[in-house]
Amino acid sequence: MALLTETPARTPSAAAGGWANPSVRYAVKRTGAAISTFIFVLIFNFFLFRILPGDPVALYTRGRNVDPESIRALEAKLHRPIGQQFLEYARNPFTGNGPSVKYNQSVWEVIAPALWPTLLLVGTATLIATIIGVWLGIRSGWNRGERFDVISSNTTLVLYSMPEFWFGMIMLIVFAVGIGPIPGMFPTGGLSDPGVDTSTPAGWLNVAWHLFLPVTTLAVIYLAEYSLIMRASIIEERGQDYVQTARAKGLMDKMVRRQHAVPNALLPTMTLVFLNLGFVVGGAITIEYVFSIHGLGSLTVDALQGPDVPLLQALFLLFSGAVIFANLVADLLYGYFDPRVRT
Amino acid sequence: MTMTQPTIEDANAAALGARDVVKARRKASRTRFTASFRQNRSGMLGLTILLIFIAVAIAAFFIPASSLDVTQVTADPFLPPSLQWPLGTDDSGRSVLLLVAKGAQISLLVGFAATMLSMFIGTSVGIVSGHYRGMTGGVLDRFTDWFLVIPYLPLAIVLATVLGRSLLNIIIVIGVTSWPGTARLIRAQTLSVTARPYLERSKALGAGNLHQMWKHVLPNVMPLVLANTTLAVSISILSETTLSFLGLGDPTAISWGSILEQGFAAGAISQGAWWYLAAPGICVVLTVLAFNLIGRAIEDILDPRQETA
Amino acid sequence: MRRLSQRARIVSMAGAVSVLAAVLVPGMAQADSASPSSSTPRSVFTIGVLQDMDSANPFTGITSAAYEVFQMEYPTLVEYGAKDFAAVPGIADSWTEAPDHSSWTFKIHPGLKWSDGQPMTAKDVAYTYNRILNGKYEQTNFGSYVSAITKAEAPDDTTVILHTNSASPIVPHPGVYIIPEHIWKSIDEKAVVSFKNEGTPDAPSVAGGPYYMIERKVGQFIRMQANPYFWRGKPAVDEIDFKLFKNGDAMAQALKKGEIDFAEGLETNVYNSLKNQPNITTVAAAPASFNELSFNTGAALDDGTPIGDGNPLLKDKKLRAALAHAIDKQAMVDKILGGDGVPGDTLMPPRYSQWHVAPTNPMSYDPAKAKELLDAAGYKVGSDGIRADAQGNRLSFRLLGRTDSSTSQKAVQFIKGYLAAVGVETTVKFVSEDNLTEIIGQGKFDMFEWGWGVEPDPNYMLNVFTCANRSYKQDGAILANLSDSFYCNPAYDALNAKQQVETDLAKRQAITGQMQQMLYDDAPYIITYFYDGHEAYRSDRFTGLVHQPEPDGPLTFQWGTWTYEQMKPVTATDAGGTTNNSSGGSSVPWLPIIGGLIVAGGAGFLLARRRPANAASDDRE
């Protein structure tokens, strides 16, 4: 949530030389950085949970009936030298810590079915937030100080100040439960009704119907941020010489905006959309909880109870991996569209 | 430290005359800043809201403990707002108004304390990594990059789980997860300050690294830190609310987030006790909004290019 | 967690949603009672639950949802009757104990079938018992029910003999689920550990109870289909679904709107909001569970070696008993449970009327008396307002609550307040239940708040307080056992040994009553309250649900499957078109379709609108 403070400030260090093509060099460098980040997360994830208080064996078997043989196997595994444990973990970081304590299945088996609800929720919400946010930002930035801008800026600022889950609760009260004359139009939770085959068009509609409120909640909160950024960059672009010149030359305002200002202003916003994915994922955690959606977010909340350490570790790794990847994509796109950063 | 180096003494002596000038200049700029801030309507609005909440938090020290003790209150649970109970009562019959007032203390405390921690880490890392170009800078820079990318809430959740649930821990969790943005920003600013001629001069005069950072870089990045701080407080408060809502806060402390969690858990919505959830929620929105308004106003003043309407 | 007398988990709730305005939305009821699909109407009973099953494998699963499904799938020799928990025939028509107490013989009902049509005989029963007796992994869930049994044999298809090494009133107990040999014999001791046993639409589970599983989506729902071969007859309701909710409020709303037909495990305030709603019947089931304030009465291993760091002052039973007078249990019932419960006294809950006893010397709420007793026991109030003994050891204790439960968080606040009022200081800390189990096992606590779900036979619950069930040491590590107060009293243990072999009901009642009184006096626990189970269902759609016990026991999550077997959908003639809709996408009503289209097309819609909107603003410039 780095509002307004974080336009990517890439600081090119001295070129190493040797790479003929700067774009290739840039891409390799960014990919290398992403990989190093992931390795850091891997190490961090491993050691963080090793400092949890309590008997590690108990930690991995909490509340569960485990036969003595498995306990001994687990003990043997957990009492090996830490380096050896780490190697094994590194070989298979997702499942290397054993099965989920709560679901008694391999971590991957628990996570896999929860993947697509979250992807769907976060993906759709991000898409909608981006489109509407960018549009709002362009309009209010270009017409700065007008009524539309004042209303839109103030509304988005208020929305930006809201906790997602609180807004979600309100959406739920108003549109799922119904209040006064507004009927409860949408389901109170879940992703689809039991028995609905989600591979048919009717099933998709059922899912879309269930996702409407949570997607709207997430989208509304995040479009606020995107529109604020877009507005700021449009204002900046508008002040640039070339825009002033173009307008002075009598080019139609619309043309100037569409051909020059918007494409340039879009870049920082699009980068932010990717950089922000980590926060949207975070938002999904509480939203899934409020709307009873069985995705990665509510799995995380489940895993907190106990805690279900193997599951929590895998989820943290997954979230981080996804965000690192999204950031890499953002970096590469940024480099592609704005050659200046490649030097 | 620097005291062992006689050259520093010399440099200080040489600068003595200039110090008053610098002081005067800074004072003037502060006055200018205050004047511009006064003229910034939304900034003043934010400041007013904030002062009101701070007043509420202070007033909350005078709430007798017995009126928040579940074994001593006598009102019915879930009473709607009335003259006697301006914001209604909670599921144990406590006044929601008093709860929210008491909650302002913890929410603001966590917000400020976590931000201080985050600013301290972020500013130190930012200045040091901008100042030292070699290994130290590179490593710190990498480190910032790593933390910048790790998704915030999952990291906070994992940390809070490992550390356990207490007030201090939640401050630590928010503080150590939210610094990298600041570090990035401060680093960039440090780089540009370091390039300025007078720092070159001070270096030539033999000023040590600590002296350079403390006396020259820090004052120059301070305004930026300030603007960033107000925005960071808003994020800290939101984080506290979210973590408490997920049950990761201190269960014995009353904060806006924990009131929301309790109301939520007690079925306030099914009971139609909207006041129980609306009051703390609105407090969060207003406070966060206040900090955002102030932060934007400061940014506008420091960087007129981005000035809003 | 586990129903069979394990820790009762008061599901911690966190919910969203409801009647802000008290006005119910009538418009939505049609949404789900929409016209049935083209095929024949199929009755589906959907139960909203807050906790998922952890595994569909009966040797693995331990949550109450898992046990509910196991009961639906797997028969038992004997069952607890619906009326009063009296033993009634399961698949065994009769059972007799050999005069020398060396065996029990069960006569199995002839001509039984599994849901795949294969015969179900005494061989399956013997297979199941032997598998548990000879297994390792299989022991974990069922070991306690077969501890007196040495061997099972099936001389013919209708006779099972269970050989025992001592007299035991617990052998004819519905604890062991009979599994089909023809399915499980291919799952060896290694494979059983990871065997999922989840039915799918193409390969449903093979069951012998009233329902078998046809689908499970972890964290979302479980679908059970009526078993046409069920020996008491195919149930009237074709399908029973368990739908998972992450919070109770959403579940209550779903019930009001008709998305589900039954809501289980409702939190008090959510439950109260469902009272007096049209078409909804609420049930506050007589309590079978209690919560307690437990003390560390001197943590030690089963051999008496002291462990942990409990405050030694709490070894004094006069102190513990005095504190019982300080706690206003009625106020806790009123304010935490909203009145749906009764103040606690002795161990066996009132629902089990044949075991419950009223204490002869009720320690009622009387802070003045508590202070008096504390003064008399030598704990005088110090200058700081906190009491201390003659040596100056202050009555300052650590009090642990559970993060998993919102009622625990409230209860702890009350306990802290009441103890403070008589000059006892507590430092509150909250930990997760799993974590608490560990802390208790190590004896590293002073007091904690938790509860138990109690099974109809008192044996298990009484065993919790024996010396032998304190923590034990294995391979150098201290492991938790049943005891969480470390109570150890030879007189109590002697009585316990007697009740375990007493087959005469009246005599056993007398012994168990004496034991409960003993625990009440010594106060290792202060039982704070027995809490009602909250359920609500759509009485406009289903009828004939059965209480266990009559007249005020719960309707689902019983000791048996009485409701599922006996309930019926309300037919169209009873009330207009209330047959529950079928599965399949046909239930998608219009509003949702529009909603879905908005999600899908929202972006496009806005893009399309962009031109004219912008054109207008351009004109202004």
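## Confidence of the model

pLDDT, the predictor's confidence in each residue from 0 to 100, stays under 50 over residues 1–39 of chain C, a stretch for which the model has 129 contacts beyond four places in sequence. Two residues are in contact if their C-beta atoms, placed from the backbone, lie within 7 Å. Residues 575–621 of chain C also stay under 50 in pLDDT, with 86 contacts beyond four places in sequence. The mean pLDDT of chain C is 83, and 86% of the residues score at least 70. For the complex, the predictor gives an ipTM of 0.82 and a pTM of 0.80.

This is a predicted model, in which local features need pLDDT of at least 70 and side-chain atom pairs count only at pLDDT 80 or more, while totals for chains, interfaces and linings use all residues. Residues are numbered from 1 along each chain as its sequence is written, and chains are lettered from A and ligands numbered from 1 in the order in which they are written.

## Overall make-up of chains A and C

Chain C has 18 helices and 27 strands. Helices (H or I, at least four residues) and strands (E, at least two) are DSSP runs, numbered from the N terminus. Of the 621 residues of chain C, 54% count as buried. A residue is buried if 20 or more other C-beta atoms lie within 10 Å of its own, exposed if 12 or fewer, and partly exposed in between, with C-beta atoms placed from the backbone. Among contacts in chain C between residues at least 6 apart in sequence, 69% join residues at least 24 apart.

Chain A comes to 13 helices and two strands, and 52% of its 343 residues count as buried. Of the contacts in chain A with a separation of 6 or more, 71% are between residues 24 or more positions apart.

## The seven-strand sheet of chain C

An open sheet of seven strands in chain C has the order 10-11-12-1-13-25-14, with mixed pairing. Its edge strands are strand 10 (211–217) and strand 14 (280–285) of chain C, each of which pairs on one side only. The twist averages 20 degrees from one strand to the next. Two strands pair if DSSP finds at least two bridges between them; strand 10 and strand 11 (residues 221–226) of chain C have six, in the antiparallel sense. Within strand 11 of chain C, M224(C) is the residue opposite M213(C).

Helix 2 (residues 64–73) of chain C lies across strand 1 (44–49), strand 10, strand 11 and strand 12 (239–244) of chain C, at about 140 degrees to strand 10. Such angles run from 0 to 180 degrees between N-to-C directions, with axes fitted to C-alpha atoms, for helices over the stretch in contact. Ten of the ten residues of helix 2 of chain C are buried, among them Y67(C), F70(C) and M72(C). Their cover includes strand 1, strand 10, strand 11, strand 12 and helix 17 (562–566) of chain C.

## The six-strand sheet of chain C

A second open sheet in chain C has six strands in the order 16-24-15-21-19-20, again with mixed pairing. Strand 16 (341–343) and strand 20 (425–431) of chain C stand at the edges with a single partner strand each, so one side of each lacks a neighbour in the sheet. Neighbouring strands of this sheet are turned by 25 degrees against each other on average, direction ignored.

Strand 15 (residues 289–295) and strand 24 (residues 525–531) of chain C run antiparallel and are joined by five bridges; N291(C) stands opposite Y529(C). Helix 13 (residues 433–442) of chain C lies across strand 19 (396–402), strand 20 and strand 21 (447–453) of chain C, running at about 140 degrees to strand 19.

## A hairpin in chain C

Strand 8 (residues 149–156) and strand 9 (residues 159–164) of chain C run antiparallel, with five bridges between them. Two residues form the link of this hairpin. K151(C) has H163(C) in strand 9 of chain C as its bridge partner.

## A bent helix in chain A

Helix 8 (residues 201–239) of chain A spans only 49 Å between its end C-alpha atoms, whereas a straight helix of 39 residues would span 57 Å. The expected span is 1.5 Å times one less than the number of residues. Helix 8 of chain A bends by about 45 degrees at L211(A), and P214(A), a proline, follows within four residues. The bend at a residue is the angle between axes fitted to the seven residues ending there and the seven starting there. Helix 8 of chain A is mostly covered, with 31 of its 39 residues buried.
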